[in-house]
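Subject: Model for you, with notes on pockets, cavity and ligand

Dear colleague,

Here is the structure I said I would pass on. Please look it over before reading the notes.

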Amino acid sequence: MKPVKVGICGLGTVGGGTFNVLTRNAESIAARTGRPVIIEHIGARRDNPACDTTNTKISRDIFDVARDPEVDILVETIGGYDVAKELIMLAIDHGKHVVTANKALIAEHGNEIFQAAREKNVIVAYEAAVAGGIPVIKCLREGLSGNKINWLAGIINGTGNFILTEMGDKSRPFEDVLKEAQELGYAEADPTFDVEGIDACHKLTIMASIAFGIPLQFNKAYTEGISKVTPADIQYAEELGYRIKHLGIARHSEKGVELRVHPTLIPASRPMANINGVLNAVVINADAVGETMQVGPGAGAEPTASSVIADIVDIARTIESPATAPQPLGFGVDKLQDTEVLPIGETYSSAYLRIHADDHPGVMNAITRILSDNGINIDAMTQKAARESDGFADIVILTHKTREATLNHALSAIEQLDDVQGPVTRIRVEAMA
Ligand code: HSE
């Protein structure tokens with residue numbers, strides 16, 4: 001059978017991994033695809049010493065790959081927004097199928113990219129954009145297509161999970177662990193995307209659209225990173241029987257869809273609480289299947305290449321009839337719903353609160369009165385002995401489920417108490433059930 005010819009743009013961590021795995025496993029990939037998959041052309045500003053590209057055509061101008069009439073599938077692994085979008089649009093315009101690992105681009109411009117692909121009858125595939133090597137897009141879009149999805153929750157940023165794990169297990173400083181994650185090729189070019197939850201929010205946006213049949217709406221999701229989580233919070237959570245994980249949560253309710261990314265206390269007994277290091281995990285709760293969980297490496301060269309190549313194989317299998325491939329978001333484009341994405345203030349969760357307060361008679365009383373005046377029910381409460389250095393004590397409270405806006409109101413009243421120092425730390429709690 002006629003080979004399928006691939007052009008890889010970007011030969012960094014993911015592009016290099018894709019080159020190496022496609023080369024190494026060429027025989028088994030061809031056996032699965034029913035035709036050879038050939039790397040026809042590479043577009044890269046610089047070589048990757050981990051890749052032997054001696055026999056492959058290389059252009060320093062990546063746009064040459066998009067214009068190359070020999071290339072059937074363009075693989076975009078350069079990342080970023082403007083150039084990547086221009087490249088993908090040019091490839092689509094030239095009638096090429098596209099495989100991308102670019103979650104930022106799909107989450108923020110996917111609606112437009114999919115529309116352009118539809119008009120040209122080409123496929124845009126993006127399995128590698130979410131949770132690295134875990135085939136979660138295929139799972140949601142195809143494996144669970146008979147279900148109504150109730151909610152999903154994921155540890156979907158490997159760098160963030162690596163940092164929280166190392167801080168908790170080895171008491172390593174945040175900056176030190178982040179540096180290691182960068183050296184290992186886990187972190188984004190701009191690591192604030194990892195640390196401030198933007199990367200996780202891109203991935204959550206994509207999963208939620210496929211799960212609930214809604215357009216991609218990154219700008220309506222709530223995002224909070226891990227940079228304010230302290231070793232003390234990790235330790236107090238542990239004492240209360242919880243672990244802190246950075247979760248992306250999407251939930252469908254009668255009122256609308258919740259889309260939120262934030263550090264979360266999870267009961268230590270839940271499997272999700274025990275996903276450590278660079279591993280990612282996604283739990284999906286759906287009406288027919290019940291609950292499923294997928295775990296795997298969420299970043300790194302070959303795990304991500306594994307997903308890129310799965311997309312290449314899928315496209316190669318349907319290359320004669322691209323219209324028969326699944327819709328990019330699973331649902332027919334005219335079937336997407338305009339379900340409201342709820343503002344974070346209208347969501348409900350339990351919360352962990354850490355209040356740094358002067359050790360005076362009546363402080364606890366004042367705090368609990370504010371909570372009770374706002375109808376907030378306390379589930380557990382403890383005060384740590386005051387530090388000799390400053391006489392301030394940490395008061396740790398777990399609340400029952402509360403409306404976010406109501407809790408915000410109570411927290412600003414607590415922060416105004418003379419005996420309370422600094423902002424109150426609030427970390428949402430999820431039972432994951
Ligand atoms: N920076 C991302 C992470 C890479 O750490 O998960 C994979 O998307």
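The notes below go through the pockets, the ligand and the cavity.

This is a predicted model, in which local features need pLDDT of at least 70 and side-chain atom pairs count only at pLDDT 80 or more, while totals for chains, interfaces and linings use all residues. Residues are numbered from 1 along each chain as its sequence is written, and side-chain values use heavy atoms, with hydrogens and water left out.

Pockets

A pocket here is an open set of points on a 1 Å grid over the protein atoms alone, with protein on both sides within 12 Å along at least five of seven lines; lining residues have an atom within 4 Å of a point. A volume is the space filled by probe spheres set on the points, which are joined across faces, edges and corners.

The largest pocket holds about 1200 Å³ of space. Its lining has 49 residues, and Thr77, Ile78, Gly79, Gly80 and Ala189 are those nearest the centre. Two or more lining residues come from each of α1 (13–24), α5 (103–120), α7 (158–170), α9 (192–195) and α10 (198–212); helices are DSSP runs of H or I with at least four residues, strands are runs of E with at least two, and both are numbered from the N terminus. The largest share, 3 residues, is from α10. By class, the lining of the largest pocket has 18 nonpolar, 19 polar and 12 charged residues, where Ala, Val, Leu, Ile, Met, Phe, Trp, Tyr, Cys and Pro count as nonpolar, Asp, Glu, Lys and Arg as charged, and the others, Gly among them, as polar. The largest pocket lies between domain 1 (4–133 + 301–335) and domain 2 (142–295), because both give residues to its lining; the bounds come from an automatic or database domain assignment.

The second largest pocket has a volume of about 370 Å³. Of its 21 lining residues, Ile123, Pro322, Ala325, Pro326 and Gln327 lie nearest the centre. At least two residues each come from α5, β6 (124–125), α6 (136–143) and α12 (301–317).

Ligand

Residues near the ligand (a heavy atom within 4 Å) include Asn157, Tyr186, Asp194, Asp199 and Lys203. As for polar contacts (N or O pairs within 3.5 Å), a side-chain N or O atom of Lys103 is 2.5 Å from a ligand oxygen, and one of Thr159 is 2.6 Å from a ligand oxygen. Glu188 has a polar side-chain atom 2.5 Å from a ligand nitrogen. Of the 260 Å² of accessible area that the ligand has on its own, the protein covers 94% (Shrake-Rupley method, 1.4 Å probe).

Cavity

There is 1 cavity of 30 Å³ or more, a cavity being a set of grid points where a 1.4 Å probe fits but cannot get out. α6 gives the most to the lining, with 4 residues, and the lining divides into 3 nonpolar, no polar and 6 charged residues.

Regards

Methods:
Polar contact = N/O pair within 3.5 Å; in protein donor to acceptor, adjacent residues only side chain to side chain.
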